[in-house]
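Welcome, and thanks for taking a look at this one with me. Below are some numbered notes to read alongside the picture.

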Amino acid sequence: QVQLVESGGGLVQVGGSLRLSCAASGRTLSRYGMGWFRQAPGKEREFVAGISRSGGTRYLADSVKGRFTISRDNAKNTVYLQMNSLKPEDTAVYYCAASLSGYGPVGPYDSWGQGTQVTVSS
């Protein structure tokens with residue numbers, strides 16, 4: 001099973017940017033479709049973005065289209081989430097996840113990271 005560690009979260013003002021990273025170990029990341037999810041306090045976890053094994057296909061939730069970009073560097077075993085024009089409603093814990101059979105909202109996802117907090121202040 002692949003182990004995932006997120007980093008790059010923090011406190012940012014409205015309109016600012018952050019880049020989240022998800023580093024994988026234990027397995028070659030190129031075997032997995034990858035996804036980013038988030039969970040805000042009192043809300044259910046929601047899908048944010050997904051990317052296929054090769055990086056050739058990407059999937060973004062409507063709420064982040066035009067603002068977020070997902071990418072991957074299989075040579076570095078890392079997946080990224082570039083977040084621009086951040087809004088207060090983007091405040092959440094962000095998780096990356098790995099899937100052997102998918103990369104969209106459903107996955108299914110086999111491994112999850114521990115999460116990184118993103119807080120957008122107004």
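**Notes for a first look**

1. Let's begin with Arg67. Leaving aside neighbours within four places in sequence, Arg67 is in contact with Gln82, Met83, Asn84, Ser85, Leu86, Lys87 and Asp90. Please keep in mind as you read that this is a predicted model. To find Arg67, look in the loop between β6 (58-60) and β7 (68-73). Is Arg67 buried or exposed? Its relative accessible area is 10%, and because the cut-off for buried is under 20%, Arg67 counts as buried.

2. One of those contacts deserves a second look. A polar atom of the Arg67 side chain lies 3.0 Å from the backbone oxygen of Ser85. Ser85 itself is found in the loop between β8 and β9. With a relative accessible area of 40%, Ser85 is partly exposed. Its backbone is worth checking too: phi of Ser85 is near 50 degrees, a positive value in a residue other than glycine.

3. Met83 is another of the residues that Arg67 touches. Not counting residues up to four places away in sequence, Met83 touches Gly16, Ser17, Leu18, Leu20, Arg67, Phe68, Tyr94 and Val118. Met83 also belongs to the largest nonpolar core, which has 29 residues. Which members of this core touch the most other members? They are Met34, Trp36, Leu81, Met83 and Tyr94. At least two residues of the core come from each of β3, β4, β5 (46-51), β7, β8, β9 and β11 (116-121).

4. Now for the strands. Strand β1 (residues 3-7) and strand β3 (residues 18-25) run antiparallel and are joined by five bridges. Within this pairing, Gln3 stands opposite Ser25 in β3. How many bridges join β3 to strand β8 (residues 78-83)? There are six, and these two strands also run antiparallel. Here Ala23 has Thr78 in β8 as its bridge partner.

5. Ser7 is found in strand β1. At a relative accessible area of 37%, Ser7 is partly exposed. Setting aside residues up to four places away in sequence, Ser7 touches Arg19, Leu20, Ser21 and Thr116. For a sense of scale, Ser7 and Ala61 are 21 Å apart in space, C-alpha to C-alpha, and 54 residues apart in sequence.

6. Phe37 has another ring partner in Trp112. That pair is tilted, with 4.9 Å centre to centre and 55 degrees between the planes. Phe37 is in strand β4 and Trp112 in strand β10, so the pair ties together parts 75 residues apart in sequence. Trp112 counts as partly exposed, at 32% relative accessibility. Taken as a group, Phe37, Phe47, Tyr59, Tyr109 and Trp112 are linked by ring pairs into a cluster.

7. Where does the charged end of Arg45 sit? It sits over the ring of Trp112, 3.9 Å from the centre of that ring. Arg45 also lies over the face of Phe37, at 5.8 Å from the ring centre.

8. The peptide bond from Gly107 to Pro108 is cis, with omega near 0 degrees, and Pro108 is found in the loop between β9 and β10. In the loop between β7 and β8 you will find Asn77, which has a positive phi of about 55 degrees although it is not a glycine.

Technical notes:
Residues numbered from 1 in each chain as written. Predicted model: local features only at pLDDT ≥ 70, side-chain atom pairs only at ≥ 80, totals over all residues. Heavy atoms only, no water. Phe/Tyr/Trp six-rings, centres within 6.5 Å; stacked < 30°, edge-to-face > 60°. Helix = DSSP H or I, 4+ residues; strand = E, 2+ residues; numbered from the N terminus. Buried < 20%, exposed > 50% of the residue type's maximum accessible area, 1.4 Å probe, protein only. Lys NZ or Arg CZ within 6 Å of the ring centre and 35° of its normal. Polar contact = N/O pair within 3.5 Å; in protein donor to acceptor, adjacent residues only side chain to side chain. Contact = heavy atoms within 4.5 Å. Pairing = 2+ DSSP bridges. Core = buried A, V, L, I, M, F, W, Y, C linked by side-chain atoms within 4.5 Å.
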